[in-house]
There are 2 protein chains.
Amino acid sequence: MKEKVLYAKWILPSTEVEPLENGCLVIREDKIVDLGLKDEILPKYSQAEIFFFENGLIFPGLVNAHTHAPMSILRGIAEDLPLMTWLTKIIFPIEAHLQKEWVYWGTKLSLIEMIKSGITLFCDMYLFEPEVIRATEESGLKALLGEGLFDFPSPGYGSLEKGLELTQELLKNFENHSKIKIAVSPHTLYTCSAETIKKCLKIAEKFGAKIHIHLSENKEEIQEIKKRYGKTPPYVLKELGALSENLIAVHCVRLSKREIELFSKHKVKVVHCPESNLKLGSGIAPVPEMLKKNLMVGIGTDGPASNNDLDLFSEMRTACLIQKGIEENPLVLTAKEVFKMATEIGAKSLGFENTGKLLPGYQADLAILDLTHVNLHPDYNPLALLVYSAKSGCVSDVMVDGKFLMRNYEILTLDEKLVKEKIQNIKKEILKVLEKTFNKSEKNNKVFP
Amino acid sequence: MKEKVLYAKWILPSTEVEPLENGCLVIREDKIVDLGLKDEILPKYSQAEIFFFENGLIFPGLVNAHTHAPMSILRGIAEDLPLMTWLTKIIFPIEAHLQKEWVYWGTKLSLIEMIKSGITLFCDMYLFEPEVIRATEESGLKALLGEGLFDFPSPGYGSLEKGLELTQELLKNFENHSKIKIAVSPHTLYTCSAETIKKCLKIAEKFGAKIHIHLSENKEEIQEIKKRYGKTPPYVLKELGALSENLIAVHCVRLSKREIELFSKHKVKVVHCPESNLKLGSGIAPVPEMLKKNLMVGIGTDGPASNNDLDLFSEMRTACLIQKGIEENPLVLTAKEVFKMATEIGAKSLGFENTGKLLPGYQADLAILDLTHVNLHPDYNPLALLVYSAKSGCVSDVMVDGKFLMRNYEILTLDEKLVKEKIQNIKKEILKVLEKTFNKSEKNNKVFP
């Protein structure tokens with residue numbers, strides 16, 4: 001198979017090496033095999049297919065380490081409401097009527113948005129996850145996916161036992177899949193009993209799988225878990241034997257120093273979702289302290305219903321800015337650290353090896369920033385442009401395993417126009433559901449759109 | 001003159017009225033004269049020129065209430081450095097060599113970025129401000145502009161006396177200008193003596209002009225002013241007789257409750273620059289407390305060297321999110337409040353009347369969000385889309401005083417391609433300046449790009 005050579009004005013291979021100006025990246029099949037200045041590379045690979053990005057900045061594909069992709073169908077449906085009103089009056093009634101098709105098309109909407117944000121790998125937990133898997137396979141993105149598990153019946157799978165069966169079936173089916181991995185995904189400690197967590201651990205152990213759980217997100221959760229168990233969520237997990245390098249703990253807004261040390265000792269992976277944590281009033285995770293203790297911290301957007309986008313550029317920027325602001329120290333979290341979290345650390349946390357850098361031997365998972373955008377001028381510093389100035393709309397091309405998923409702003413794997421039409425119809429169906437479940441006084445009070 | 005009728009899927013005339021679905025806005029010359037549903041408006045204005053935005057959301061043009069537009073030429077030149085290193089090793093050496101032409105073209109780059117962010121009015125303070133004025137007049141944007149004044153000699157005007165003369169000259173020349181107003185712009189209390197502030201006040205009084213100053217930005221400033229005057233910046237201004245409805249105090253990160261009440265009593269205008277305050281480690285302004293005391297608070301991006309963009313969508317979103325996060329209360333600052341700050345309050349603060357709403361009698365200063373962007377689906381709630389999901393790249397059209405400045409993503413008033421070419425050249429000149437001013441050990445330490 002012919003090599004592909006990608007020339008670009010800038011290549012940022014990883015945070016540990018200097019960006020290359022007028023560099024070339026050489027790809028054979030799904031892997032990067034060479035990297036260097038244009039004048040060295042082009043003569044060496046004269047038979048290769050050459051792609052010119054004169055105004056491009058090639059960077060490692062971003063890793064969205066936590067989301068609920070199908071929730072794009074609920075983006076903006078209810079804002080600035082108290083959490084319980086939002087959940088009980090809007091989200092739960094809709095989720096009780098959730099349709100497989102909504103999940104499938106909502107995921108596709110999110111996949112398109114993620115590709116346009118330069119994301120090549122993501123992690124998802126929701127209901128009807130087989131629909132998420134189906135859409136993701138079509139898209140060409142890589143992902144760690146799992147059906148969200150609760151003690152109470154789910155509109156997705158029915159009883160918990162069915163959910164655990166579904167998880168095992170998925171683990172078997174995707175055991176050797178090159179792009180899709182399955183995680184055992186108990187929702188939280190307040191929706192899953194200790195018994196349920198133990199069952200999850202058993203399955204995960206059997207398959208060597210990751211466990212993906214929301215943890216220590218806000219003070220209400222900590223209070224509830226303390227009430228039930230007499231200890232905080234990390235110590236409950238410790239007692240259950242859940243702390244390991246396969247545990248992915250999402251949010252961790254409320255980790256104490258001691259808990260950070262505990263997680264570090266057990267090599268637990270943490271996912272930081274700064275914008276969702278802010279928007280829901282959960283607080284700000286102690287990321288600098290986590291990094292100091294060598295915790296591996298990835299970055300996630302969380303679901304688009306509480307964010308309200310899937311833009312990892314914005315998430316990196318916010319992650320950086322809020323720590324500088326609250327610590328009153330502009331050096332406390334740097335662009336370099338945050339970019340590493342959003343690429344190689346995210347990839348490793350989700351169990352994808354040789355991913356997150358553009359060096360020989362790594363998978364060719366990358367995105368290209370189009371430097372013609374006015375907000376990307378001048379180009380003194382590619383890393384600063386990526387973390388502080390870029391937006392999802394500035395990515396022109398995305399490649400996974402050496403294949404383009406987006407080329408010159410056009411999504412090649414999904415039908416964007418069709419997806420948007422379907423979403424318009426789903427919007428109407430969802431409004432009908434709300435119409436039925438709302439009573440008159442609530443309508444007059446304009447709780448809903 | 002024929003009316004213009006703008007049809008759109010959604011019109012958000014102001015935060016006080018419901019968004020109109022399938023609405024029309026009628027514009028005669030520079031003003032809005034009518035507003036209503038498509039079926040009412042179209043037959044009524046059959047002779048008008050009609051513009052269809054089937055996938056558009058028309059909203060009042062955003063107001064960037066504080067920036068240093070020419071600093072786009074320094075975007076990303078130095079990141080994650082201690083403030084004093086950044087200032088003394090990078091920014092000051094470059095500004096000492098500042099060229100009029102750099103200011104002119106840097107402003108144009110920022111004007112293009114602002115138009116693409118849906119901004120129709122902004123406020124600026126920098127050096128060589130006549131160049132900012134020249135570029136702004138070409139762009140068609142509205143602005144409140146002023147030469148930054150310091151006690152020490154400026155590369156822009158020379159001695160302070162010359163700076164004060166320049167300010168008076170500009171005030172005279174632009175006294176009756178419909179789009180450009182001049183502000184007296186003492187830089188800060190630590191770069192301007194009490195004498196200088198008094199001179200500024202005198203000039204402002206003579207012309208009924210606004211005074212635009214950075215105030216209470218970070219703890220170092222408060223300490224310095226306390227050392228000099230034995231009181232905090234707001235009380236120094238009080239003593240100098242500077243507190244009035246014409247005072248625009250930018251940042252106000254460190255206002256105490258008492259100082260907020262003082263400002264409220266004197267009707268001082270505040271500009272909140274959340275992202276710059278975070279990035280420079282200054283802190284988070286107490287915006288909810290300010291709103292509670294009926295302070296008028298606008299929103300600004302600050303200069304693109306410390307932000308690193310001119311995206312007021314991002315600024316609105318960050319303003320909302322950080323307050324929810326630090327107060328651990330998702331209701332503490334709503335999309336509605338923040339959108340009002342970024343439109344009508346900003347406009348009023350800068351002294352522009354009948355601006356910031358799309359109601360009959362108001363100026364036709366507006367922007368149009370292109371709802372075909374994937375991150376703007378579905379469209380349950382126009383206001384939520386604007387504050388929580390929109391990005392600068394999603395604006396397709398911008399109009400000021402009834403004239404399009406951007407039409408279908410194309411800037412009509414400035415030559416975008418030429419501006420980008422000029423910026424590439426200026427980048428090279430700036431790197432040469434830094435090359436000369438840096439010594440060898442600094443180069444090896446990679447303080448600069």
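Which residue of chain A forms a salt bridge with R317(B)? Select R317(B) together with D309(A), and you have the pair, whose closest N and O atoms are 3.5 Å apart; a salt bridge here is a side-chain nitrogen of Lys or Arg within 4 Å of a carboxyl oxygen of Asp or Glu.

Before going on, note that this is a predicted model, in which local features need pLDDT of at least 70 and side-chain atom pairs count only at pLDDT 80 or more, while totals for chains, interfaces and linings use all residues. Residues are numbered from 1 along each chain as its sequence is written, chains are lettered from A in the order in which they are written, and side-chain values use heavy atoms, with hydrogens and water left out.

**The interface**

Next, show chains A and B in two colours and select the residues between them: 66 residues of chain A are in contact (heavy atoms within 4.5 Å) with 66 residues of chain B. The two chains bury about 5400 Å² between them, 57% of it on carbon and sulfur atoms, where buried area is the accessible area (1.4 Å probe) lost on putting two parts together, summed over both. Pick out D80(A), V374(A) and Y380(A), which supply 15% of the area that chain A buries against chain B, more than any other three residues.

Across this interface the rule finds 16 salt bridges, and 38 residue pairs, both at pLDDT 80 or more, are in polar contact. A polar contact is a pair of N or O atoms within 3.5 Å, of which, within protein, one must be able to donate a hydrogen and the other to accept it, and residues adjacent in sequence count only if both atoms are side-chain atoms. To see the elements involved, highlight helix 3 (100-116), helix 10 (274-279), helix 12 (312-327), helix 14 (382-389) and helix 15 (416-437) of chain A, each of which gives two or more residues to the side that touches chain B; helices (H or I, at least four residues) and strands (E, at least two) are DSSP runs, numbered from the N terminus.

**The largest cavity**

Now select S314(A), R317(A), K391(A), S314(B) and K391(B), which lie nearest the centre of the largest cavity, itself lined by 23 residues. About 190 Å³ of space lies in this cavity. Helix 12 and helix 14 of chain A and helix 12 (312-327) and helix 14 (382-389) of chain B each supply at least two residues of the lining. A cavity is a set of points on a 1 Å grid over the protein atoms alone where a 1.4 Å probe fits but cannot get out, and lining residues have an atom within 4 Å of a point.

**Backbone stops**

Most residues other than glycine have a negative phi, and most peptide bonds are trans. Go to N307(A) and N308(A), which are joined by a cis peptide bond with omega about 5 degrees; N308(A) is in the loop between strand 13 (296-299) and helix 12 of chain A. In chain B, a cis peptide bond joins H377(B) and P378(B), with omega about -15 degrees, and P378(B) is in the loop between strand 14 (366-370) and helix 14. Finish at D401(A), which has a positive phi of about 50 degrees although it is not a glycine.

Methods:
On a 1 Å grid over the protein atoms alone, a cavity is a set of points where a 1.4 Å probe fits but cannot get out, and a pocket is an open set with protein on both sides within 12 Å along at least five of seven lines; lining residues have an atom within 4 Å of a point. Grid points are joined across faces, edges and corners, and a volume is the space filled by probe spheres set on the points.
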